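User: Please take a close look at one part of this model, starting from the salt bridges and going on to the strands and helices. I would like one connected account, with the criterion behind each term.

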Amino acid sequence: MRVSIPTISLDPLVTKAFPQVSKTEAVSRLVSFIEPGNVAVLTGAGISVDSGIRAYRGQNGRYLNPNYHPIFFHELADPTPKGHRFRQRYWARSYLGWPAIKEAKPSTSHYAIGALQYSNLVHKLITQNVDGLHGKAIPITWGAYEKQRRILELHGRLRTVSCTRGHSQSRAVFQERISSLNPSWRKYVDELARTGSEPRTNPDGDVELRGRYFTDFVVPNCELCLLEGVNADEASIIKPDVIFFGESISSAVKDRSFRDLECCDKLLVIGTTLATYSAFRIVKHALEVGKPVMMLNIGPTRADKFERIEKIEMKSGAVLTDVCSLVLGPKAHHDPELRRLMMSGVVQPPIDDTADNDTGG
Ligand SMILES: [Zn+2]
């Protein structure tokens, strides 16, 4: 299965009108849905908007940045000089975009889900986001095993990179290598930070480069390949551990997404247009196996055509903390860990996109 580029792959997003509901009614419907427990949650870019990461799409389902052209997997993996230019473009842009992703803090919605995970009401979480923010908003008692078992990153993660021979390293280390090989770019990043003119970052960590060419950008080789004696000319290609447009999701990840859904009683979908098929088919599968589905999203989604989905047109940040308080009751105040999760989280949507919150990839 391939992750399709949303501009060309989608059925046209159905523009179906959903009745507007008051915040009180939205909270009450969400409480009723979540209270019995054993919920699977599927999230998209909309949930990270309050963390300052822009969604791909605005409230009308259209691209916030109509000129956005992501790099395809076959372009990045192309071993020819043309592929090298794609890799220069990708890594130059990603080099500028990474600090914003790395520094981003979980939103109140991420922490509300963390509180529901801690209380075992949300049993499985599947996210399309590659920003790692759900993993930063988990219960303090969770170790790496529990985190891996309870959160599935459907499209991978930006925080690690791998070469085509399977060597893996942290993105932070790789970023340092880029810096040391590209002093003029490092200066450029410092200058952008100093003047507060950081470029617009997409949810995949990519940015627009305006008026700056990347032909001088040095893409690091995999050091571990070089240590193993691989010739620098034949060194393997490094890519972040995310699924690129046009790249296949492994059957292991696909199967797990279905299993995670099947072991829960219902599915709550938050902040996504379901533009990518890998996410859309989880919702489709939920309906096929008779699980109730509720959606919390502003704007049209690919699943709006399904009658059996209950949809609430609202920002997750506007309701999830209140939902948590009501579902958890007095426990939310007495348990120090629950209190911490409920009191945490930022609400810092990107300044120029405040009208476009809570919809996305
Ligand atoms: Zn390698």
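Analyst: A network of salt bridges links E25, R29 and E310. A salt bridge here is a side-chain nitrogen of Lys or Arg within 4 Å of a carboxyl oxygen of Asp or Glu. The model is predicted, so local features need pLDDT of at least 70 and side-chain atom pairs count only at pLDDT 80 or more, whereas totals for chains, interfaces and linings use all residues. Residues are numbered from 1 along each chain as its sequence is written, and side-chain values use heavy atoms, with hydrogens and water left out.

Under this rule, 17 salt bridges are counted. In the one between E25 and R29, the closest N and O atoms are 3.4 Å apart. Both residues belong to helix α2 (residues 23-34), where they are four residues apart, about one turn of the helix. Helices (H or I, at least four residues) and strands (E, at least two) are DSSP runs, numbered from the N terminus. E25 is partly exposed, with a relative accessible area of 38%, and R29 is likewise partly exposed, at 22%. The classes are buried (under 20% relative accessible area), exposed (over 50%) and partly exposed in between, with a 1.4 Å probe and protein chains only.

E153 has salt bridges with two arginines: R157, at 2.8 Å from N to O, and R159, where the closest N and O atoms are 3.0 Å apart. E153 is buried, with a relative accessible area of 14%, whereas R157 is partly exposed at 26% and R159 is partly exposed at 34%.

Turning to the strands, β8 (residues 293-296) directs V293 and M295 one way and M294 and L296 the other, and all are buried. In a regular strand the side chains alternate between the two faces of the sheet. Strand β7 (residues 266-270) runs parallel to β8 and is joined to it by four bridges; pairing requires at least two DSSP bridges between two strands. Within this pair, L267 has V293 as its bridge partner. The chain passes from β7 through helix α11 (residues 277-288) to β8 in a right-handed β-α-β crossover, meaning that, with the strands pointing away from the viewer, the path from the first strand over the helix to the second runs clockwise. Strand β9 (residues 309-312) also pairs with β8 in the parallel sense, over four bridges, with I309 opposite V293.

Helix α10 (residues 251-262) has R256, S257, F258, D260 and L261 as its buried residues. These pack against several elements, including β1 (39-43), β2 (122-127), β7 and α11, where contact means heavy atoms within 4.5 Å.
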